[in-house]
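Biologist: I would like to learn how to read contacts and charge pairs in a model. Can we go through one together?

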Amino acid sequence: MGLLERCQELFKTSNLYEVLGINKEATEAEIRRSYYKVSLKVHPDRAPDDPLATEKFQVLGKLYAVLSDKEQKAIYDEQGVVDEESDVLKQDRCWEDYWRLLFPKITVQDILEFEKTYKGSDEERQDVIKLYLQHEGDMDTITASALCCSQEDEPRLCSMIQDAIDSGEVTAFPAFTHETEKKKRARRKRADRERQEAEEMQKKMGLDDQDDSLVMMLKQRQQSREQNFNSFLSDLEAKYSKKSAPKPQKGKKAKK
């Protein structure tokens with residue numbers, strides 16, 4: 001079974017870009033980040049309950065190998081086929097080693113440094129607007145998905161979104177413009193509860209300094225909102241990964 005057929009079987013689409021949740025015009029960096037996000041969800045170590053996790057992970061590795069190779073990507077973009085005979089797909093590769101080579105571990109200090117430059121940046125604004133459009137104004141999901149976001153950041157994020165609405169840049173979704181006070185209070189209570197639980201865990205383990213506090217906050221976030229935690233870290237790792245993908249040798253002919 002070829003790569004496209006395996007994508008259809010495992011991800012319900014044979015379109016390589018749709019598997020990653022992006023479009024054909026995506027940049028190299030966007031393809032890289034999206035590959036990381038999707039592959040993280042099915043990484044064998046992170047999805048032990050999914051019997052197809054290993055196979056999905058391997059297929060995603062091959063998919064990224066195709067889209068990160070200029071010649072193979074051009075063939076796919078122009079003809080809608082992949083070269084199954086190329087070294088990109090034929091070589092016997094450990095896809096987990098390949099993945100770790102692309103995405104080395106980040107550190108707590110990386111997170112702290114990133115947060116300093118990210119908050120208030122144009123990049124943050126673009127990310128927030130994308131989340132607003134993706135989730136049609138649902139602030140529960142937006143705040144849970146936004147990078148480096150705490151309850152204290154919500155007014156700032158709302159201001160970004162409102163400015164974009166006022167300028168005509170985005171549509172005014174009712175979920176945002178008519179959000180009830182009850183829903184806002186529930187979100188604040190949930191955030192306060194998570195913060196309190198993290199602080200209690202920190203005290204129990206005798207952690208005092210800022211780095212340890214951040215680690216414990218992240219771990220607590222992982223326990224309560226695993227999916228969004230993975231997305232948070234995956235975005236950071238993708239942003240901090242500077243290494244280029246290994247350049248495989250060129251292939252010969254294309255097959256559907």
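Biologist: Among contacts between residues at least 6 apart in sequence, what share joins residues at least 24 apart?

Modeller: A contact means heavy atoms within 4.5 Å. Here 69% of those contacts join residues at least 24 apart. Some ground rules: this is a predicted model, where local features need pLDDT of at least 70, side-chain atom pairs count only at pLDDT 80 or more, and totals for chains, interfaces and linings use all residues. Residues are numbered from 1 along each chain as its sequence is written, and side-chain values use heavy atoms, with hydrogens and water left out.

Biologist: How many helices and strands does the protein have?

Modeller: Helices (H or I, at least four residues) and strands (E, at least two) are DSSP runs, numbered from the N terminus. This protein has 15 helices and zero strands.

Biologist: What percentage of the residues is buried?

Modeller: Buried means under 20% relative accessible area, exposed over 50%, and partly exposed in between (1.4 Å probe, protein chains only). Of the 256 residues, 45% are buried. The accessible surface (Shrake-Rupley method, 1.4 Å probe) comes to about 14,400 Å². Carbon and sulfur atoms account for 48% of that surface.

Biologist: Now the charges. How many salt bridges are there?

Modeller: Side chains of opposite charge can pair when their charged atoms come close. A salt bridge needs a side-chain nitrogen of Lys or Arg within 4 Å of a carboxyl oxygen of Asp or Glu. That rule gives 13 salt bridges.

Biologist: Which residue pairs with Lys 73, and where does the pair lie?

Modeller: Asp 77 is the partner, with the closest N and O atoms 2.8 Å apart. Both sit in helix H5 (residues 70-79). They are four residues apart, so about one helical turn separates them. Lys 73 counts as buried, at 19% relative accessibility.

Biologist: Which residue forms a salt bridge with Glu 124?

Modeller: Arg 156 does, at 2.6 Å between the closest N and O atoms. Glu 124 lies in helix H9 (residues 122-134) and Arg 156 in helix H11 (residues 154-166), so the pair ties together parts 32 residues apart in sequence. Glu 124 is buried at 2% relative accessibility, whereas Arg 156 is partly exposed at 27%.

Biologist: And what about Glu 154 and Arg 187: buried or exposed?

Modeller: Both are buried. Their salt bridge has its closest N and O atoms 2.7 Å apart. Glu 154 belongs to helix H11 and Arg 187 to helix H13 (residues 181-204), so this pair ties together parts 33 residues apart in sequence. Salt bridges with shared partners join Asp 140, Glu 154, Glu 179, Arg 187 and Arg 190 into one network.
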